[in-house]
Amino acid sequence: MSEFLRMQVEVEGGPLRPARVDVAPPGPGRVRVSVVASGVCGADVGSVRGARGSALPVTPGHEVAGVVDAIGDGVTGWAVGDRVAVGWFGGSCGHCPACRRGDVVHCPERRIPGRSYPGGWAESITVPAAALARIPDGLDPVDAAPMGCAGVTTFNALRGSGAGPGSRVAVLGLGGLGHLAVQFAVAMGFEVVVVARGTDRAGDAAELGARDYVDAVAVDAGAALRDSGGVDLILSTAPSASAAESVLPALRPRGRLVLIGVDAGEVSVPLAQLVMNAQTVSGHVTGSPTDTEEAMHFAVLHGIRPWTVRLPLREAGTAVDRLADGRARYRLVLETGVGG
């Protein structure tokens with residue numbers, strides 16, 4: 001093809017519109033990917049509605065699955081036809097202290113698809129080769145796409161939490177992040193309790209494998225969890241500082257609150273509680289391409305899949321509206337119609 005379609009915001013505050021873009025060969029160290037599927041994340045809403053003139057035009061999308069279709073000079077280890085995913089991590093400098101110790105996601109020059117360069121809401125995306133994760137056999141591209149952000153984030157947060165098999169884990173929020181967190185936590189051997197607002201998701205929580213459900217509207221969730229024995233880990237996937245703060249009383253000694261869903265708020269923690277109980281509050285963001293591959297392999301082994309609603313690429317604006325107003329319960333994924 002000589003041109004490809006991508007969705008982009010062309011003026012500040014403007015809508016997402018389709019645009020035809022000339023296909024260009026990838027430069028040195030870069031790989032061009034024919035996009036099959038691209039997830040829609042809460043951060044994408046900000047990319048669309050918070051676009052500023054210096055970044056225009058903006059093509060969002062950082063949960064990408066597709067097939068390698070061209071390779072730039074100096075790239076090794078990849079071949080045309082390889083099935084690949086690209087996530088929130090979209091490349092790093094390779095020489096800073098963080099990169100040298102393998103902590104590439106905290107590189108001060110880390111790049112993010114859809115922000116640092118045109119993202120995956122397109123028929124084609126060109127990325128640094130270091131951003132690629134290999135999709136394992138048995139995983140559909142629509143299921144692989146969210147693994148580059150929602151999947152690897154929840155997977156890494158849980159396995160790096162210090163909680164062991166049999167630990168009681170509370171997943172705060174049951175949405176795009178939370179429903180994957182529940183599945184990963186159950187497969188890791190945790191006893192899982194979901195905390196969410198209202199009762200309409202209680203059945204889904206049970207289907208996903210959670211043992212208990214707490215309606216944060218009907219009861220004081222922190223007190224309810226504490227009175228039922230407390231928890232070793234709270235994984236906060238809801239973008240609400242106040243919700244995270246409300247469940248802190250449920251932490252057992254040496255328990256940990258891990259924040260992956262964030263808003264502009266603050267969490268106030270009684271220092272005496274932290275000190276006397278040796279508790280920890282920490283944040284967590286994404287993972288490296290290797291982490292994403294490990295999350296995908298784990299998902300294949302344990303039958304973990306995102307619950308998705310599929311939309312055509314041209315309906316990206318509809319997807320943003322549905323996510324922004326709460327009508328997207330789990331994961332929206334845009335399909336290009338390209339085979340993968």
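In what order do the six strands of the open sheet stand, and is the pairing parallel or antiparallel? In this predicted model, the order is 10-9-8-11-12-13, and the pairing is parallel. Strand 10 (212–215) and strand 13 lie at the edges. Each has a single partner strand, so one side of each is left without a neighbour in the sheet. From one strand to the next, the twist averages 20°.

Individual pairs can be followed along the sheet. Strand 8 (residues 168–172) runs parallel to strand 9 (residues 191–196), and five bridges join them. Within this pair, V171 has V194 of strand 9 as its bridge partner. Helix 5 (residues 178–187) lies across strand 8, strand 9 and strand 11. Its direction is at about 165° to strand 9.

Strand 11 (residues 231–236) pairs with strand 12 (residues 251–259) in the parallel sense, over five bridges. Here I234 stands opposite L257 of strand 12. Together with helix 8 (residues 241–246), strand 11 and strand 12 make a right-handed β-α-β unit. Strand 12 also pairs with strand 13 (residues 280–283), in the parallel sense and over four bridges. In that pair, T280 of strand 13 is the bridge partner of R256.

A helix pair was also examined. The axes of helix 4 (residues 150–159) and helix 10 (residues 289–302) come within 9 Å and cross at roughly 90°. The two helices are therefore roughly perpendicular to each other. Helix 4 makes the contact through V152, F155, N156 and R159, and helix 10 through D291, T292, E294, A295 and F298. By class, four residues of this contact are nonpolar, two are polar and three are charged.

Note on methods: Residues are numbered from 1 along each chain as its sequence is written. This is a predicted model: local features need pLDDT of at least 70, side-chain atom pairs count only at pLDDT 80 or more; totals for chains, interfaces and linings use all residues. Side-chain values use heavy atoms; hydrogens and water are left out. Two strands pair if DSSP finds at least two bridges between them. A crossover is right-handed if, with the strands pointing away from the viewer, the path from the first strand over the helix to the second runs clockwise. Axes are lines fitted to C-alpha atoms, for helices over the stretch in contact, and angles run from 0 to 180 degrees between N-to-C directions. Angles under 35 degrees count as roughly parallel, over 145 as roughly antiparallel, 65 to 115 as roughly perpendicular and the rest as oblique. Contact means heavy atoms within 4.5 Å. Ala, Val, Leu, Ile, Met, Phe, Trp, Tyr, Cys and Pro count as nonpolar, Asp, Glu, Lys and Arg as charged, and the others, Gly among them, as polar.
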